[in-house]
Amino acid sequence: MSRRKPRPVPVPPEPLGELFDAHTHLTSCADPARALMDRAAAVGVRGVCTVGDGIEEAEQALALAQEDDRVVAACAVHPTKAQELTDGVRERLRALVADPRCVAVGETGLDTYWITHDPGRTAPLDVQEEALRWHMDLAAEVGKPLMIHNREADDDLMRVLADAPSDLTVMLHCFSSPLDLAVEAVERGYYLSFCGNVTFRRNEELRQAAARVPADRILVETDAPYMTPEPFRGARNEPAFVGYTARLLAEVRGVDADEFAATVSANARRLYGLPE
Ligand SMILES: [Zn+2]
Ligand SMILES: [Zn+2]
């Protein structure tokens, strides 16, 4: 008999009036999308933006968005797969992004983590930058927001994004950078989306950043199946758990949780061009 305490089975938080998971990966979660969305809806999550991180996954994400009213999609090739952005893939992405159920170009961006830890698992930085610039032009062309992935690439990312056309809307998903970058991003008018790591004990600076974002620029997301918020850190994540992060953010910002949930939902709908 094992003496180890079994890990608690994660359960969804108490419902909130209305929530929107601004960045998730339904096709990477264990259960079918409909079951995930039903569980999410039961605790107030009315909508999610599901993201494909490669061309096949992007096609699957869009197919889900076409099947389920509660789902919209973001399509791109992830920076760690930037070498897969061939001419043929670019053409396929153009077609996906033109679809009304695709509401953002992403996730694209820069990721130096794997370059440092296991370069065979990712694309070189110059290839990532070229792919980011291509996605940036595509977003500007179709008039949809650019959804950014950033892992340990703050300076390069802000340098490249500074070249974006002024009317391009930028959203930084899973914001995890220092406070000064949050301040600069806010000055540039970007949306900042916070995920489960903002609930982790050691991330005090991230909570300070979250407290500084204007009410009309803050979003909440799961990035499921990763980044499960406390109290279930380490378990498999799903959109139904986004309320844990929303409640923590409301507390940090000193606002009522239901009011905050309504605010982030309205922000997500505005960002993605969805009806009120
Ligand atoms: Zn990401
Ligand atoms: Zn993601």
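Predicted model: local features only at pLDDT ≥ 70, side-chain atom pairs only at ≥ 80, totals over all residues.
Visitor: Switching to the metal: what coordinates the zinc ion (ligand 1)?
Guide: Three residues do: Glu 107 through OE, His 149 through ND1 and His 173 through NE2, at 1.9 to 2.1 Å.

Visitor: How are those donor residues spaced in sequence?
Guide: The pattern is E-x41-H-x23-H. Glu 107 sits in strand β4 (residues 102-111) and His 149 in strand β5 (residues 146-151), so this pair ties together parts that are 42 residues apart in sequence.

Visitor: How far is ligand 1 from the zinc ion (ligand 2), and which residue coordinates both?
Guide: The two zinc ions are 3.5 Å apart, and Glu 107 is the residue that coordinates both.

Visitor: Are Glu 107 and His 149 buried or exposed?
Guide: Glu 107 is buried at 2% relative accessibility, and His 149 is buried with a relative accessible area of 12%.

Visitor: What about Asn 150, where is that?
Guide: Asn 150 is in strand β5. At 17% relative accessibility, Asn 150 counts as buried, because the cut-off for buried is under 20%.

Visitor: What does Asn 150 touch, apart from its neighbours within four places in sequence?
Guide: Asn 150 is in contact with Leu 110, Leu 157 and Ser 177.

Visitor: And how far is Asn 150 from Asn 203?
Guide: Their C-alpha atoms are separated by 17 Å, and the two residues are 53 residues apart along the chain.

Visitor: Last topic, helices. How do α8 and α9 pack?
Guide: Helix α8 (residues 204-212) meets helix α9 (residues 242-253) at an angle of about 75°, with the axes 9 Å apart. That makes α8 roughly perpendicular to α9.

Visitor: Which residues make the contact?
Guide: From α8 there are Arg 207, Ala 210 and Ala 211, and from α9 there are Leu 248, Leu 249, Val 252 and Arg 253.

Visitor: How does that contact split by class?
Guide: Between α8 and α9 there are five nonpolar residues, two charged ones and no polar ones.

Terms used:
Residues numbered from 1 in each chain as written. Chains lettered and ligands numbered in written order. Heavy atoms only, no water. Donors = N, O, S within 2.8 Å, 3.2 Å for Na, K, Ca; no water. Helix = DSSP H or I, 4+ residues; strand = E, 2+ residues; numbered from the N terminus. Buried < 20%, exposed > 50% of the residue type's maximum accessible area, 1.4 Å probe, protein only. Axes fitted to C-alpha atoms, helices over the stretch in contact; angles between N-to-C directions. Parallel < 35°, antiparallel > 145°, perpendicular 65-115°, else oblique. Contact = heavy atoms within 4.5 Å. Nonpolar A, V, L, I, M, F, W, Y, C, P; charged D, E, K, R; others polar.
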